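Please keep the sequence and the structure in view while reading.

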Amino acid sequence: AECNHDDGSLNCRNIKGGFDPNAWERLTEQMWILVDEASRTPALAHAVAMSLYSWMWWEGPSTTRVNVQTGRVACDLFAASLDFAGC
């Protein structure tokens, strides 16, 4: 796919199948369910933190603004993971 990234957007206009805002919304909802579970189950903390860091770092698919709240949650989960591992 040919992507047209600029300073205001991460959208790939020609991505195969197109961008589905409903799928993005469902993904976001499911991710926060996993965050809640990982906060109670430290063995999941590292995997969920990496997912947040890798996929949910931006405020949304139409912006290049970093989601500070998500970054903080990812850092908290990384810390919980280190505590759980005894590091």
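The protein chain has a secondary structure of three helices and zero strands, where helices (H or I, at least four residues) and strands (E, at least two) are DSSP runs, numbered from the N terminus. Read from the N terminus on, the order of the elements is α-α-α.

The model is predicted: local features need pLDDT of at least 70, side-chain atom pairs count only at pLDDT 80 or more, and totals for chains, interfaces and linings use all residues. Residues are numbered from 1 along each chain as its sequence is written, and side-chain values use heavy atoms, with hydrogens and water left out.

Of the 87 residues in the protein chain, 23% are buried. Here buried means under 20% relative accessible area, exposed means over 50%, and partly exposed lies in between (1.4 Å probe, protein chains only). Among the contacts (heavy atoms within 4.5 Å) with a separation of 6 or more, 54% join residues 24 or more positions apart.

### How the helices pack

Two packed helices are described by the angle between their axes and the distance between the axes. Axes are lines fitted to C-alpha atoms, for helices over the stretch in contact, and angles run from 0 to 180 degrees between N-to-C directions.

| Helix pair | Angle | Axis distance |
|---|---|---|
| α1 and α2 | about 150° | 9 Å |
| α1 and α3 | roughly 30° | within 11 Å |

The helices α1 and α2 are therefore roughly antiparallel to each other, whereas α1 and α3 are roughly parallel. Angles under 35 degrees count as roughly parallel, over 145 as roughly antiparallel, 65 to 115 as roughly perpendicular and the rest as oblique.

Ala, Val, Leu, Ile, Met, Phe, Trp, Tyr, Cys and Pro count as nonpolar, Asp, Glu, Lys and Arg as charged, and the others, Gly among them, as polar.

The crossing of α1 and α3 is also left-handed. Here α1 contributes Trp32, Val35, Ala38 and Ser39, while α3 contributes Thr70, Val73 and Leu77. This contact holds five nonpolar, two polar and no charged residues.

### The buried face of α2

Which residues of α2 are buried? They include Ala45, Val48, Ala49 and Leu52. Seen down the axis of α2, its buried residues fall within an arc of 105°, so they line one face of the helix; the arc is that of the directions from the helix axis to the C-beta atoms. An α-helix has 3.6 residues a turn, so residues three or four places apart point the same way. The cover over the buried residues of α2 includes α1 and α3.

### Two residues in detail

Thr70 belongs to helix α3 and, at 2% relative accessibility, counts as buried. Leaving aside residues up to four places away in sequence, Thr70 touches Trp32, Leu52 and Met56.

His46 lies in helix α2 (residues 45-55) and is partly exposed, with a relative accessible area of 41%. Not counting residues up to four places away in sequence, His46 touches Phe78 and Ser81. His46 and Ala79 are 33 residues apart in sequence and 8.6 Å apart in space, C-alpha to C-alpha.

Key. A crossing is left-handed if the near helix is turned anticlockwise from the far one by less than a right angle, and right-handed if clockwise.
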